[in-house]
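Please open the structure in your viewer and keep the sequence panel beside it. The tour below moves from one selection to the next and says what is there at each stop.

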Amino acid sequence: MQRIACNEREDWQATAAASGFDFHTIDGARYWDERAFYAFTLAEIEDTIEGPTGEIDAMCLELCARVVEDERHLKRLRIPEAFWPLIRDSWRRDEGSLYGRLDLSYGGSGPAKLLEYNADTPTSIFEAAVFQWTWLEQGMERRLLAAGADQFNSLHERLIEAWKKFGTGKHLHLAGMLESPEDTTTLAYLEDTAKQASLETTLLDIESIGWREDSGFVDLDERTIALAFKLYPWEWMFHDAFGERLAEASTRWIEPPWKALLSNKGMLALLWEMFPGHPNLLPAFFEDEPNAVRLGASFVRKPLLSREGASIAIVRHGTVVAEQQGPYGAEGFIRQALAPLPNFAGQYPVLGSWLVDHVPCGLSIREDTTPITGNMSRFLPHAIL
Amino acid sequence: MKRSRRVILTMMGSGTIGAISMGFVKRPNCGPGFVREAGSNLDGRPITTCRPAAYGGFGRWPHHLHGHGHGHGGG
């Protein structure tokens, strides 16, 4: 694994605009950054990222099977009891997952370590699937990259195939917070892939979902919502006014309710408990349980529920050495063993390893000048050389 | 992983996003809080009635937390 400085394409902003990627620069700061890229060998991709990603996903599924049947674990995850049946039923019905992203710490040696699983509402799928592929193709055409370079990326075609499993010809609603350009682009991209799988689609704001006593959730056009992709976290749905309607509605949600178990950072502690010593896991414990002291005075403190690195602190020898402010933490915290991110030229990259329909099939990289990846961390492309 | 792969977008790009983000489904003409429903009256003739539906039951919780940020990459 190397970080290689390279020339930008002169017209990358225009290319981004033409493909609908309109948040490449946020508040004047780069989000998409192709002044450098990360290079991997094929063996690194296959042995260190792709293989372990599949293995971690398999462990996660085993974890879900155990947790849904064990109220003690559901309590430890602070899942509201009112939603246990919803989660349990979705698991027992084997409701399908479209996608997810593991965040991994890896710097070119040793096993990749799982930092967290973005299991419910991962974003950056468009730039991972499409725009970094465009970068690779144009980079080789323009001799910015070595001929024959490749990329760990079959996200686009995997998404189309995965949608077909949800039902070609069905009507899919895609809902999210459309005031956010990133969310809208993510939804529009997923809608595009769903259409290519011959699903009919409607895109709407999450606030435009309605409720009728006689037909359940409806859109603004009076149509019953039978199949819905939501870019809106389960824990927020649980808290919203319509949360109490979820159990009585027939809507099938993507991601399914059981993914609420995996997007909860308490799963990191449960994974370590169930698979202690696994080379791709870091020791992790619930902060309010006695074994948390095993990590001593150096650890990463993460809220059970948080987004984009918010409310996360790195504690070294009892002192907070890095912290992202945020509103999360009411449900409690976990402590995870420190796995310092690799430092390439003063930048700290986190690897995002994508799964579509449980198949590892893509890689994205966010880097920052701080060791906590946050919502302004830059997206850098990668290549296999 | 496959040099022959082709990534084709059918909708996105060149202004499509703007249309999508603004063009979500139209509001029914029954007024706020109601949805239109086709039915028939006692004579069997088709009529349209407006039945109550509640909206806005999702989407409020993040306002309790903070202004919505740059996505959901952390969960």
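Begin by selecting strand 5 of chain A, where Tyr99(A), Arg101(A), Asp103(A) and Ser105(A) point one way while Gly100(A), Leu102(A) and Leu104(A) point the other way, and all of them are buried. Here a residue is called buried if 20 or more other C-beta atoms lie within 10 Å of its own, exposed if 12 or fewer do, and partly exposed in between, with C-beta atoms placed from the backbone. Strands are DSSP runs of E with at least two residues, helices are runs of H or I with at least four, and both are numbered from the N terminus.

Before going further, note that this is a predicted model, in which local features need pLDDT of at least 70, side-chain atom pairs count only at pLDDT 80 or more, and totals for chains, interfaces and linings use all residues. Residues are numbered from 1 along each chain as its sequence is written, and chains are lettered from A and ligands numbered from 1 in the order in which they are written.

Stay with strand 5 (residues 99–105) of chain A, which is mostly covered, seven of its seven residues being buried. Two strands are taken to pair if DSSP finds at least two bridges between them.

Next, select helix 7 (residues 181–196) of chain A, whose 16 residues should span 22 Å at 1.5 Å a residue, and whose end C-alpha atoms are 22 Å apart, which agrees. The expected span is 1.5 Å times one less than the number of residues. Helix 7 of chain A is mostly covered, with 13 of its 16 residues buried, and it is followed by Ser198(A), whose phi is positive, near 70°.

Three strands form an open antiparallel sheet in the order 10(A)-9(A)-3(B), and its edge strands, each pairing on one side only, are strand 10 (216–218) of chain A and strand 3 (54–55) of chain B. Between strand 9 (residues 210–212) of chain A and strand 3 of chain B there are two bridges, and in one of these pairings Gly210(A) has Tyr55(B) as its bridge partner.

Return to chain A and select Ala39(A), which lies in strand 4 (residues 36–40). Ala39(A) is partly exposed, with 18 other C-beta atoms within 10 Å. Leaving aside residues up to four places away in sequence, Ala39(A) touches Gln2(A), Ile4(A), Ala383(A) and Leu385(A), where contact means that the C-beta atoms, placed from the backbone, lie within 7 Å.

Finally, colour chain A by domain: domain 1 covers 2–263 + 343–384 and domain 2 covers 285–336, with bounds that come from an automatic or database domain assignment. The C-alpha centres of the two domains of chain A lie 24 Å apart, and their contact takes 10 residues from domain 1 and 11 residues from domain 2. Zoom out to see chain A whole, with its 10 helices and 21 strands; of its 385 residues, 53% count as buried.

Definitions and conventions
Two residues are in contact if their C-beta atoms, placed from the backbone, lie within 7 Å.
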